[in-house]
Structures are given as structure tokens and as C-alpha cells.
Amino acid sequence: DDRANRLANALTALGISKGDRVATLVENSVRCIEIDFALAKAGFVRVSLNPRSTARDVAYTLGDSGARAFLFGGGFGPIVGSVDITGDTALLRIEEGEGSAADVPAALDYEQALAAASDADADARCDPEDLYCLFYTSGTTGQPKGVMLSHRSILHVSYNLLMEIGPRAPGEKILLMQPMSHGAGFFVLPWFMRGGASVIMRHFEPQEVLRLTSELGIETVKLVPTMLQRILKLDAADTPPMPKLRYFVYGASPMPAEVTRQAIARFGMRFVQIYGQSEAPVTLSILRNDDHDPDSADAGRLASAGMPFETVEMRVVDAAGKEAGPGEAGEVVLRAPQLMLGYWNRPEQTSETIRDGWLHTHDLGRFDEHGYLYLLGRMDEMIISGGYNIAPREIEEALYLHPAIHECAVVGEPDEE
């Protein structure tokens with residue numbers, strides 16, 4: 001709290017005001033948490049750049065967001081130094097990784113700025129509808145769009161995670177390895193709210209995930225399907241005991257049902273799947289641990305994205321907007337308390353995406369008769385052959401049943417006939 005207050009006050013002294021955008025480009029570390037808390041307390045709007053960002057990405061995001069300050073890790077100095085940044089943008093350099101202060105001579109030293117700042121409480125008394133962050137998403141076409149998420153949105157994501165996943169008690173730990181600037185960052189607040197701890201890996205390394213989970217007594221591991229697939233490639237004999245592990249939480253992309261079965265065979269029923277979008281993050285639907293029984297009569301649900309969270313209203317509709325029946329494919333639309341405010345400076349695209357309060361996800365899906373959602377791909381990925389609509393995900397699931405196939409992707413190709 002002391003360091004968060006000092007950073008908030010240091011930025012205020014540099015002329016940053018409530019509602020101003022502050023961009024960040026840092027590797028995974030505890031600095032991500034203190035920066036996030038500082039910006040939220042002062043009412044500044046976080047604009048997180050992915051650590052894989054290029055100079056072109058940095059230039060575009062700074063310009064589109066109108067960032068008044070830019071906090072970056074020293075290892076990104078060469079990239080930042082190659083970008084033409086306006087003189088009224090405050091620059092703070094965090095010592096991490098390789099790089100030299102000479103890369104961006106105009107940048108202030110982060111630690112020196114904190115040391116010189118006041119530790120007085122920087123509480124800006126934000127309204128729930130005040131802008132919390134701009135979350136840039138590229139989608140499938142055009143320039144990246146800044147998704148506007150409010151303080152209300154972030155809080156409701158935390159509530160949903162607390163209700164369904166954890167932590168259950170103070171002191172519990174979650175292991176995070178995705179970029180804190182994106183998916184992993186949403187899991188810090190709920191663990192903080194209940195007195196838990198976030199264990200942050202700078203980079204994903206399969207064996208290290210298992211070692212930390214075992215030695216630190218981790219209860220929850222958050223990862224994406226490709227990470228789990230790489231862990232499964234490790235020798236099973238090298239898997240250490242993980243007696244406290246309750247859940248592997250996976251999401252962000254579809255998990256092939258066959259891979260899920262392999263993971264359950266290796267680690268037992270310790271899995272929870274969540275589905276979300278940048279425009280309504282993280283907690284839209286959930287496939288609970290109880291639904292991961294490969295021997296049950298409902299084992300086909302392993303291919304589903306589960307059921308909507310209690311706070312989410314979700315439908316599948318056809319091209320005319322009519323609600324589809326069980327088993328019928330259509331676009332997934334929803335209403336949820338974590339719904340974005342809109343796209344930054346893009347009112348037309350906002351009105352196209354949010355209609356009458358419903359977010360049109362452009363995800364193709366269907367519900368079964370029990371209310372489980374099956375995601376079939378993006379609307380523009382549908383393959384039409386011989387008058388039939390074919391979802392790529394359904395073909396991929398069949399291919400994954402072959403023991404020689406580890407990863408696959410199905411795309412349509414134009415045909416003269």
C-alpha cells in the first residue's frame with residue numbers, strides 16, 4: 001500500500017490527473033500489482049501493453065489512448081527508445097532485465113520517483129462506472145480497439161471468481177504465469193480480497209510450474225490450454241506430489257476434449273474451465289470440476305464451455321435475432337455486470353457490438369438441452385459445404401482423437417464448386 005500510494009503521488013506530481021491514461025509495459029513481477037493498485041487508487045486509467053509488443057504496437061497504443069504517462073521495464077528500453085513519444089508524456093523506467101538508461105534518456109528512474117514521493121493515501125474515490133482500464137484487443141480485422149472496462153467490471157469479475165473458484169480461506173495461493181497485463185491480472189484482486197497470495201512466474205516453464213505447485217503448496221494454478229498440453233508432454237514419472245492443489249483453471253482458448261481426458265488421467269479431477277471475452281472478461285461461463293468426470297454418462301460435456309455464471313444472462317440467436325433452440329447453432333449474445341462501457345473513441349463499432357444492452361460476441365455456439373454452452377468457433381470461421389454449415393471446432397475434436405495428433409486447426413478454403 002505504501003508503494004502504491006507513492007507511485008500514485010509521484011504521477012500526480014508529474015501532472016497526471018484522474019481519468020488520464022497511463023500506459024505500462026513490464027514483465028511479470030510484483031511491480032505489476034503495485035502499479036495496478038496505484039493507478040486504481042488515484043483514478044488513473046491503466047493501458048497495459050503485452051510484453052510481446054513491437055515498437056509499432058507501442059506507438060499505436062500510446063497514440064490511440066492519448067497516454068499521459070508511460071511506465072516501462074528497462075529490458076524494453078530499446079523498443080521504447082525507437083518510438084517517437086510526445087514530449088508531454090511522462091516516462092518512468094523500471095530496472096528489470098537487460099537494457100540501459102541511455103536507451104530512453106528522458107525517462108525518470110522509477111525507484112527514485114517513489115522514494116521522493118509522499119506515502120499519503122491516494123484514494124480518488126472512484127465511481128463504479130469510472131474508467132478503470134483500456135484493454136486493447138485486435139479482434140480479427142482492423143486496428144486494435146481499446147475496450148473500456150470500468151471499476152464495476154473488475155469488481156464483478158472478482159465476485160464471480162470468489163463465488164466459484166476461490167480462494168476459500170486466507171493464505172491460499174494462486175500460481176500465475178500468463179501475462180499480468182492481460183488474463184492473469186484479473187486473478188490478483190479476488191485472492192487479495194480474501195487474504196490470499198499470488199505467486200507470479202515471469203515466464204512459463206512446464207517443469208517449474210509443477211515444482212512451485214508442489215513446494216509452495218499451491219491450491220490454484222491458472223493457465224491456458226497450450227500450457228497444459230506442454231505440461232502433459234513431461235514424463236509422468238517426474239510429476240511431484242501436489243497434495244494441496246485443488247484446481248487447474250484453464251481458459252482463453254478451447255481445450256480439446258481428448259486433451260482434457262489426458263490431463264484428468266494424469267492429475268485427477270482438478271479442473272475448472274472458464275470462458276470470457278475482452279468485452280466481458282473472464283467469467284461468462286464455467287465448466288465446474290464436477291463436470292470433468294470422464295467416466296460419467298455426461299462425459300460429452302468435456303467439449304463444452306459449461307454453464308453461464310449466475311450473474312450472466314446468455315442466449316444463442318440466429319441471423320434474425322431469434323433465440324435458437326437446444327442443439328441449434330447461432331451467435332452467442334449476453335448481458336453481464338462486467339460488460340464493457342464500449343470501445344475507446346469508436347462509437348459506431350460500440351453500437352454494432354452492443355445492441356439493446358446485449359453484447360454480440362461473434363462467437364458461434366449452441367446450448368444443449370441441459371443449458372451447457374458449446375463454442376464452435378467464430379462466426380466468420382463457419383465452413384459451408386454442400387449447403388451444410390460445418391463448425392471447425394467439431395472437426396478439430398474428431399482429429400484430436402487420433403493418437404498421432406498433438407495440435408490441429410481447421411480452416412475453410414474457397415472451392416470453385
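Biologist: In this predicted model, what makes the crossing of α9 and α10 left-handed?

Modeller: Helix α9 passes α10 in a left-handed crossing, a term used when the near helix is turned anticlockwise from the far one by less than a right angle; the angle at which α9 (residues 225-232) and α10 (residues 257-267) pack is about 50 degrees, with their axes 10 Å apart.

Biologist: Why are α9 and α10 called oblique to each other?

Modeller: Angles under 35 degrees count as roughly parallel and those from 65 to 115 as roughly perpendicular, whereas α9 and α10 pack at about 50 degrees, and the pair is therefore oblique.

Biologist: Which residues of α9 and α10 meet, and how do they divide into nonpolar, polar and charged?

Modeller: On the α9 side there are Leu228, Gln229, Ile231 and Leu232, which meet Val259, Gln262, Ala263, Arg266 and Phe267 of α10; the residues of this contact divide into 6 nonpolar, 2 polar and 1 charged.

Biologist: Turning to the second largest pocket, how much space lies in it, and which residues are closest to its centre?

Modeller: The second largest pocket holds about 560 Å³ of space, and of its 26 lining residues, Ala40, Tyr132, His151, Ile154 and Leu189 are the closest to the centre.

Biologist: Which elements supply at least two residues of that lining, and which gives the most?

Modeller: At least two residues each come from α2 (30-42), β6 (131-137), α6 (151-164) and α7 (188-193), and α6 gives the most, with 5 residues; the lining as a whole divides into 15 nonpolar, 5 polar and 6 charged residues.

Notes
Residues are numbered from 1 along each chain as its sequence is written. This is a predicted model: local features need pLDDT of at least 70, side-chain atom pairs count only at pLDDT 80 or more; totals for chains, interfaces and linings use all residues. Side-chain values use heavy atoms; hydrogens and water are left out. Axes are lines fitted to C-alpha atoms, for helices over the stretch in contact, and angles run from 0 to 180 degrees between N-to-C directions. Helices (H or I, at least four residues) and strands (E, at least two) are DSSP runs, numbered from the N terminus. Angles under 35 degrees count as roughly parallel, over 145 as roughly antiparallel, 65 to 115 as roughly perpendicular and the rest as oblique. Contact means heavy atoms within 4.5 Å. Ala, Val, Leu, Ile, Met, Phe, Trp, Tyr, Cys and Pro count as nonpolar, Asp, Glu, Lys and Arg as charged, and the others, Gly among them, as polar. On a 1 Å grid over the protein atoms alone, a cavity is a set of points where a 1.4 Å probe fits but cannot get out, and a pocket is an open set with protein on both sides within 12 Å along at least five of seven lines; lining residues have an atom within 4 Å of a point. Grid points are joined across faces, edges and corners, and a volume is the space filled by probe spheres set on the points.
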